[in-house]
Amino acid sequence: MTAIIELYANNAYSTLESALSNTATTVNLATGTGARFPNPTPGTQFFRLTITSQSSPNTIFEIMYVTQRSTDALTVQRGWIVCCEEDL
C-alpha cells in the first residue's frame, strides 16, 4: 500500500477567479497565483486548501483536499470540513 503524503506551503494565498458552487470539484484561482501552492502527484500526494471570506478571513467556510494542480486550477475533494452549504 502506498502512503499518501501531505504537502504544505507557507502562507500561500489567492482569490477565486469565479464563484464556487457547493458541488464544484475544480477551484479556479486568480490568474498567476497557482504557483504559490504545492503541485501534488495524483494518488500519492495532497494538500489542504482553506476557503475563507475575503472580507472576514478568520471565518472558515470549508477545508478541501487538493489532489492536483494545473497552473491556476485545483482539483479538490470536498466534504472534509464544511461550515456552510451556500455557494462561495
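These are my notebook entries on a predicted model of a protein.

**Ground rules.** I worked from a predicted model, with residues numbered from 1 along each chain as its sequence is written, and I took local features only at pLDDT of at least 70 and side-chain atom pairs only at pLDDT 80 or more, while totals for chains, interfaces and linings use all residues. Side-chain values rest on heavy atoms, with hydrogens and water left out.

**Confidence.** I looked up pLDDT, the predictor's confidence in each residue, from 0 to 100. The average for the protein is 88, and 89% of the residues score at least 70. Strand β2 (residues 26–28) has the highest mean, 97, and strand β5 (residues 73–82) the lowest, 85. I keep in mind that where pLDDT is low, the predicted coordinates should not be read in detail.

**Fold.** I found 0 helices and 5 strands, in the order β-β-β-β-β from the N terminus. Helices (H or I, at least four residues) and strands (E, at least two) are DSSP runs, numbered from the N terminus. Of the 88 residues, 30% count as buried; the cut-offs are under 20% relative accessible area for buried, over 50% for exposed, and partly exposed in between, with a 1.4 Å probe and protein chains only. I also looked up contacts, meaning heavy atoms within 4.5 Å. Among those with a separation of 6 or more, 48% join residues 24 or more positions apart.

**Largest pocket.** A pocket here is an open set of points on a 1 Å grid over the protein atoms alone, where a 1.4 Å probe fits, with protein on both sides within 12 Å along at least five of seven lines; lining residues have an atom within 4 Å of a point. Its volume is about 560 Å³, taken as the space filled by probe spheres set on the points, which are joined across faces, edges and corners. The lining has 25 residues, and Ser14, Leu49, Thr50, Ile51 and Thr52 are the closest to the centre. Strand β3 (residues 45–52) gives the most to the lining, with 6 residues. By class I noted 16 nonpolar, 7 polar and 2 charged residues. Nonpolar covers Ala, Val, Leu, Ile, Met, Phe, Trp, Tyr, Cys and Pro, charged covers Asp, Glu, Lys and Arg, and the others, Gly among them, are polar.

**Ile51.** I placed Ile51 in strand β3. Ile51 counts as buried because its relative accessibility is 8%. Its C-alpha lies 7.9 Å from that of Met64, 13 residues apart in sequence.

**Loop between β2 and β3.** I checked Arg36 in this loop; at 37% relative accessibility, Arg36 is partly exposed. Not counting residues up to four places away, Arg36 touches Ala9, Ala12, Tyr13 and Ser14. The Arg36 side chain reaches the backbone oxygen of Tyr13 at 2.8 Å, a polar contact (N or O atoms within 3.5 Å, within protein one able to donate a hydrogen and the other to accept it, residues adjacent in sequence counting only if both atoms are side-chain atoms). Thr33 sits in the loop between β2 and β3 and is buried at 9%. Beyond four places in sequence, Thr33 contacts Tyr13, Ser14 and Asp72.

**Positive phi.** Most residues other than glycine have a negative phi. I noted a positive phi of about 55 degrees at Asn11, in the loop between β1 (5–6) and β2, exposed at 72%. Thr71 has a positive phi of about 55 degrees, in the loop between β4 (60–70) and β5, and is exposed at 57%.
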